[in-house]
Amino acid sequence: MSSKVRVRFAPSPTGGLHLGGVRTVLYNYLFAKHHGGDFILRIEDTDQNRFVEGAEDYIMECLKWCGIEPDESPAVGGPHAPYRQSERKESYREYAEKLVADGFAYYAFDTPQELEEMRANYKTAENPSPQYDNRLRTKMRNSLSLDAATVQRLIADGTPYVIRIKMPENETISFTDMIRGEVSFNTGNVDDKVLLKHDGMPTYHLAVVVDDHAMEITHAFRGEEWLPSAPVHLMLWRWLGWQDSMPQWAHLPLILKPDGNGKLSKRDGDRLGFPVFAMNWTDPRTNEFTQGFRERGFLPEAFVNMLAMLGWNDGTEQEIYSMDELISAFSMNRVHKGGAKFDFEKSKWFNHEWIKRSGEERLLPDVKAVLERSGITGADDSYIKKVIGMVKERCTLLGDFAEQGRFFFIAPAVHDIDAIRAKWNGDKENFFAELQGVLGDLEDWSSASIEAAFKELATTLSIKPGELQLPFRIMLVGGKFGPTVFDIAEAIGKEDTLKRIAALPAVV
């Protein structure tokens, strides 16, 4: 790169952060860090009607959880502050008025009712959805159809107006997309988008161009749903005189529903039983709750790894990547053009792999929180880490540690008696009665010693050890799961082991 790479993520604080949005953040971040550049967080809060209290803090917490720290943002500041569009309001009007003065935009005084009438009156079979464009603009109430004196009087009287871009009637414009290659548009098919609203706030179209220029953004990555807006932005970069400094663009593929039929939505997650937001979100306006990947039990490393692979690979068979490995391997030319189907089972596979590969120290805070939520408190950290090491290969989500590890802390209240009742007999009951004495006398309380004593007693009583291990497991664990039963006995200690053995025969 000839100049320092500067990329940005510019979300609107309107609600929870969809995993598609997080993937956009991630690709921006990986690209910037791969090239030694800067990642900027900019809040696009110009639509005050959709602004949601707490959404900005939520977005920043999501990024922090994912391990994506902005180099510049509303929270950390930077040389291109402010980083909230609402704090840059006056600069947008200046550029909008300049576009009007140069003949590239115009004032439009149409009321909502007049706009509705336009859509109804000019609807035809050939044009079923009329737009405010080069064909209809002169039929509307704006500074192109009204004389100058009338325009000035309306403005002076405080008549509400917007500023619209005046798209060329029939011009082919192009740009090179980093993913899709050459992309061309005919401007005659694009409507005259609003640039400045009645309240003086810019729309996305004006603000994104002005801000990207002001913040010296070199590369702009966004979802492919923004591709139809590209002609408007291309014209603004040209007409504002900044064409030579326009960022390189890449329009990212959609994340699709599991069946590949359309863009993945929150409703799909609700319907199919999986999260689509990074973290839990409760809409303060409606109290509608949406579960997130974090609270569902995902490690951030796994969530990031999964998202990176939804539409990108490095050309190898590798699937598990740390953030540093992703930064090293990432390139935009390996991002797919087509949409990527979301597979929740594959997402859980990533989480399972990361749980298995993570050290006990790394997992300790998360597992402690899981245990505390299930009523297990006060355990020693070193003991919890030992338990983590014993059960983590059996855990897919962090919540699984409660089920897979609970018996290490609390004796089972319920036992799967049906698993052993059919083959239970007096010989086995006698074995476990004698086992309590044998283990009670055992000085070396290690897994190996416990196993040796267990098998020696079985041999003495002419019972196959294999027929006794399941009842032993049911006594200690309550069910047919968990690590090696002798390792469990070592971990919970002699006293608890003997108590659990003594408790079961009466139940059977």
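Mentor: The axes of helix H1 (residues 19–34) and helix H10 (residues 300–308) come within 10 Å and cross at roughly 85°. Axes here are lines fitted to C-alpha atoms, for helices over the stretch in contact, with angles from 0 to 180 degrees between N-to-C directions. Helices are DSSP runs (H or I, at least four residues), numbered from the N terminus. This is a predicted model, in which local features need pLDDT of at least 70 and side-chain atom pairs count only at pLDDT 80 or more, while totals for chains, interfaces and linings use all residues. Residues are numbered from 1 along each chain as its sequence is written, and side-chain values use heavy atoms, with hydrogens and water left out.

Trainee: How are H1 and H10 oriented to each other?
Mentor: H1 and H10 are roughly perpendicular, a label given to angles of 65 to 115 degrees.

Trainee: Which residues make the contact?
Mentor: H1 contributes Leu19, Val22, Arg23, Leu26 and Tyr27, and H10 contributes Phe303, Val304, Leu307 and Ala308. Contact means heavy atoms within 4.5 Å. Eight of these residues are nonpolar, none is polar and one is charged. Ala, Val, Leu, Ile, Met, Phe, Trp, Tyr, Cys and Pro count as nonpolar, Asp, Glu, Lys and Arg as charged, and the others, Gly among them, as polar.

Trainee: Turning to aromatics, how many pairs are there in the whole structure?
Mentor: A search finds 34 aromatic pairs. Rings of Phe, Tyr and Trp (its six-membered ring) pair if their centres lie within 6.5 Å, and planes under 30 degrees apart count as stacked, over 60 as edge-to-face and the rest as tilted. Phe293 and Phe303 form a tilted pair, 4.8 Å centre to centre with 40° between the planes. Phe293 is in helix H9 (residues 293–296) and Phe303 in helix H10, 10 residues apart.

Trainee: Is Phe303 buried or exposed?
Mentor: Phe303 is buried, with a relative accessible area of 0%. Buried means under 20% relative accessible area (1.4 Å probe, protein chains only). Phe293 is also at 0% relative accessibility and counts as buried.

Trainee: Which residues form an aromatic cluster?
Mentor: Trp65, Phe274, Phe293, Phe298, Phe303, Phe342 and Phe344 form one.

Trainee: And what are the buried residues of helix H14?
Mentor: In H14 (residues 381–391), they are Ile384, Val387, Ile388, Met390 and Val391. They cover an arc of only 165° around the axis, which puts them on the same side of H14. The arc is that of the directions from the helix axis to the C-beta atoms.

Trainee: What covers them?
Mentor: The cover includes helix H13 (360–373), helix H15 (400–405) and helix H20 (485–492).

Conventions:
Helices (H or I, at least four residues) and strands (E, at least two) are DSSP runs, numbered from the N terminus. Angles under 35 degrees count as roughly parallel, over 145 as roughly antiparallel, 65 to 115 as roughly perpendicular and the rest as oblique. Buried means under 20% relative accessible area, exposed over 50%, partly exposed in between (1.4 Å probe, protein chains only).
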